[in-house]
Every structure is written in C-alpha cells, then in structure tokens.
Amino acid sequence: MAQGAGRTTAQVVTVAALAAAVTVFLSVAAVRHGFFDLRVYYGALTYWTRDGGEIYDFLKAGTQYGFTYPPFAALVMLPMAYLPWTAAIVVSVAATVVVSAVVIWWLLDPVARRSGWTRWFTLAVALCLAAAYEPMRETVNFGQVNMLLLFLVAVDLLRLLPAGNRWAGVGIGLATAIKLTPGIFIVYLLVTGRWRAAATAVGSAAVATLVAAGLFPDASREFWTEALWNTDRVGELAFVSNQSLRGVVARLDPEHPSTVAWLVLVLATLAIWGWRCRAAVAAGDEAAGLALTGAVMCLVSPVTWVHHLVWLLPGLILLVDNGTAAPARSRRRRVLLAAALIGYALLCSRIVWSWEKDFTGVDGFLGSNTYVWISLALLLGLPIRPGQPSSRPV
C-alpha cells in the first residue's frame with residue numbers, strides 16, 4: 001500500500017512539475033494570436049444573423065480574411081452568434097481540450113496497457129506535451145476547429161470502422177461538410193476498398209450540405225459559386241506558415257510558383273500514400289491509415305498553415321507506440337523513439353519562423369520547409385504493424 005501511495009505521489013509531483021515547465025515554455029514560445037480565426041467566425045456570424053449581411057461578404061476589419069468554410073459549418077457554429085465573446089472563447093478552448101484528450105487517449109491507451117503505465121499518468125503527461133506542440137497551441141490561440149475535425153474522423157477510423165459498425169463514415173462525412181479538406185479520408189476509404197463506409201461518408205456530407213442549402217440558399221449559392229474559388233481570402237502561398245508542397249514550390253519562386261511542379265509532386269505523393277494505406281488496411285492497422293492520410297492531407301493541400309499540422313499527432317504517437325513495442329535495447333526501438341522525439345521537438349520549436357523574412361538559399365529551402373520534411377518522413381517511414389484485418393469490407 002505504502003509503495004503504491006509513494007508511486008502515486010511521485011507521479012502527481014512529476015505531472016505538476018511538467019505542467020509548470022510547459023507553462024513557462026508557453027509564456028516564452030507561444031505567440032498570442034488573440035483568437036484571430038475565432039474572431040473571424042464570430043464576426044461573420046454576427047454580421048450575418050444580427051446585421052442582415054451576407055456571411056461570405058464579411059471581412060475582418062483591416063484584413064482580407066473572411067469566413068471560408070461551407071454553409072454547413074456556419075450552421076454548426078450558429079449558436080456562437082448568440083454568445084458573449086468571452087463565452088465563445090471558453091467554448092472553443094474547452095471543446096478543443098476535450099476532443100484532444102479523447103483522441104490522444106484512444107491512440108495512447110494500447111501503449112499504456114502494453115507497457116504497464118498508469119493510465120491517468122500517461123494521459124496527463126501526454127496532454128502536457130500536447131500543450132507545448134506548436135500546431136496545438138496555434139489551434140487554441142487562433143480558435144481553430146482542427147481538433148474537432150480530427151476527432152470526427154478518428155471516431156470513424158479508430159472506433160466505428162474496426163468494429164464493423166454500419167454508421168462508419170458519418171464522422172468523415174460531417175467533417176468534410178464542415179471543411180472540405182477532410183474529404184481526403186473519403187478517398188482513403190475508396191482506395192482501401194471500404195465501399196459502404198465511403199458511401200456513408202459521401203451520403204452524410206451530401207445530406208449535411210443539402211440541409212444547409214435548404215436553410216441558407218443565398219449563402220450556399222455564394223459559397224459554391226464565388227467564395228470557394230476566391231483564393232485571396234486564404235493568404236499568401238509562399239508565407240512560411242504554409243507547410244504544404246504548394247508552399248515549398250511557392251517559396252522557390254514566390255512571384256511565379258510552378259503549378260506543374262506542384263501537381264507532379266502531388267501525384268507522386270498520392271501514389272505513395274495509396275500504396276502505404278492499402279498495406280496498412282491489409283495489415284489491420286487502421287491507426288496507421290489515419291496517420292498516413294493526415295500527413296498526406298497536409299502535404300497535398302494547397303494551404304497547410306502550421307496549426308493544421310495537428311493532423312501529424314497520430315503519426316508521432318504511433319512512432320512511440322511502435323518504438324515501445326520493439327524489443328528492449330533493440331536498434332528499431334532506439335530509432336523509432338528518437339524519430340518521435342526529434343519530430344516532436346522540431347514541431348514545438350517554431351524553427352520555420354527563423355526564415356519568415358528570407359527563405360532563399362539552401363538553408364532557407366531546408367529550414368523554412370522543416371515541417372514539410374516531417375510530414376514526408378511520416379508518410380514514407382511510419383511503421384505498419386500487423387493487427388486484426390477485417391474479414392469483410394465496410
């Protein structure tokens with residue numbers, strides 16, 4: 001009993017010390033964005049519901065930034081327009097923290113069980129480390145929806161799909177209706193032959209979109225015919241925060257970025273992704289499929305701001321998972337755990353911002369695209385571990 005109490009006390013002290021260290025780190029390293037994106041959502045919804053304006057005509061004062069999500073996202077966020085600004089912040093932060101804890105736990109629980117780690121301690125340490133992770137802290141400080149979308153996708157891929165649940169695909173469909181980029185997971189389902197889940201995802205996205213169109217026909221018409229195609233609303237492609245292949249190409253020649261070069265890179269990346277995803281599903285490693293697709297989404301999207309890289313979290317956690325599963329003192333164990341540590345450290349460091357003003361030269365090419373190289377490394381090198389392949393397509 002005394003030994004158990006001593007262990008618990010040591011764990012509480014460790015978590016408290018780690019939380020204090022992360023707090024100090026954030027006070028120095030974290031950039032305060034004042035919930036910029038949340039202000040855009042809040043302003044657009046208020047302008048739309050209270051001032052009688054059109055949601056896609058709204059631009060935040062002094063910027064070119066407006067509401068860029070589909071009308072279904074506006075429907076989901078609509079209650080925000082009737083909340084005080086402080087309450088909207090609280091809801092945004094609380095929702096991100098809760099869903100982040102759930103997704104991280106789903107990925108870490110098998111590691112904790114296998115390694116004999118205390119479960120609450122494992123989650124507490126992981127959440128402290130997640131708070132220091134630059135894409136996560138940017139998501140919170142901007143008031144972004146990234147983790148909510150990752151949660152919806154993870155419900156399908158980590159819970160419903162492995163269980164053969166007939167509702168598998170609904171989460172992906174809803175995520176796609178809120179923001180188009182998670183639609184890559186519909187392609188993932190198709191590439192890996194899960195036809196029913198893919199149809200459910202497409203149907204869910206279609207129903208959500210049609211419901212929004214029925215309720216807000218003018219907004220829907222403007223989004224699908226005008227706002228969707230207005231690339232000026234999303235920002236500069238060569239900006240160092242754009243950690244996608246498109247950003248890499250744009251930083252090589254900001255004035256005339258090569259669309260052909262970008263498309264060639266995208267096609268090659270998608271080919272590798274398709275091959276690896278099929279191997280993951282054949283092995284029954286659905287978590288690897290989630291991680292690989294999250295990485296490829298970040299790579300092939302024209303714009304992947306740093307806060308979008310929360311989609312790399314599953315890959316980093318799976319490196320730890322595979323590393324701890326390898327034999328003790330084996331080279332594989334050392335390599336995988338070192339890769340996880342290095343990738344995590346770089347994604348906490350803000351290293352790409354060292355080249356924010358000047359990304360020319362070899363050092364600029366390598367340094368300003370650091371997070372892209374991490375995405376590529378996860379796509380190419382994330383281990384696929386045999387699990388329990390599904391006996392029938394879902």
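A residue counts as buried when its relative accessible area is under 20%. In this predicted model, Trp-106 has a relative accessible area of 18%, so Trp-106 is buried. Phe-151, at 24% relative accessibility, counts as partly exposed.

These two residues belong together: Trp-106 and Phe-151 form a stacked aromatic pair, with 5.8 Å from centre to centre and 20 degrees between the planes. Trp-106 lies in helix H4 (residues 85–115) and Phe-151 in helix H7 (residues 146–160), so the pair ties together parts that are 45 residues apart in sequence.

A search of the whole structure turns up 17 aromatic pairs. One of them joins Tyr-56 and Phe-67, whose ring centres are 6.0 Å apart; their planes meet at 55 degrees, so this pair is tilted. Both partners sit in the loop between helix H2 (36–49) and helix H3 (71–77), eleven residues apart. Tyr-56 and Phe-67 are both buried.

Tyr-56 and Phe-67 also belong to an aromatic cluster, along with Tyr-41, Tyr-69, Phe-223 and Trp-224. Elsewhere, you can find Arg-246 over the face of Trp-262, at 4.7 Å from the ring centre.

## Cysteines without disulfides

If you are wondering about disulfides, the search of the whole structure finds zero. For Cys-128, the nearest cysteine sulfur is that of Cys-348, 12 Å away. For Cys-277, the nearest is that of Cys-298, at 13 Å.

Are these two cysteines buried or exposed? Cys-128 counts as buried, at 12% relative accessibility. Cys-277 is buried as well, at 0% relative accessibility.

How values were computed: Residues are numbered from 1 along each chain as its sequence is written. This is a predicted model: local features need pLDDT of at least 70, side-chain atom pairs count only at pLDDT 80 or more; totals for chains, interfaces and linings use all residues. Side-chain values use heavy atoms; hydrogens and water are left out. A disulfide is a pair of cysteine sulfur atoms within 2.5 Å. Buried means under 20% relative accessible area, exposed over 50%, partly exposed in between (1.4 Å probe, protein chains only). Rings of Phe, Tyr and Trp (its six-membered ring) pair if their centres lie within 6.5 Å; planes under 30 degrees apart count as stacked, over 60 as edge-to-face and the rest as tilted. Helices (H or I, at least four residues) and strands (E, at least two) are DSSP runs, numbered from the N terminus. A charge sits over a ring if NZ of Lys or CZ of Arg is within 6 Å of the ring centre and within 35 degrees of the ring normal.
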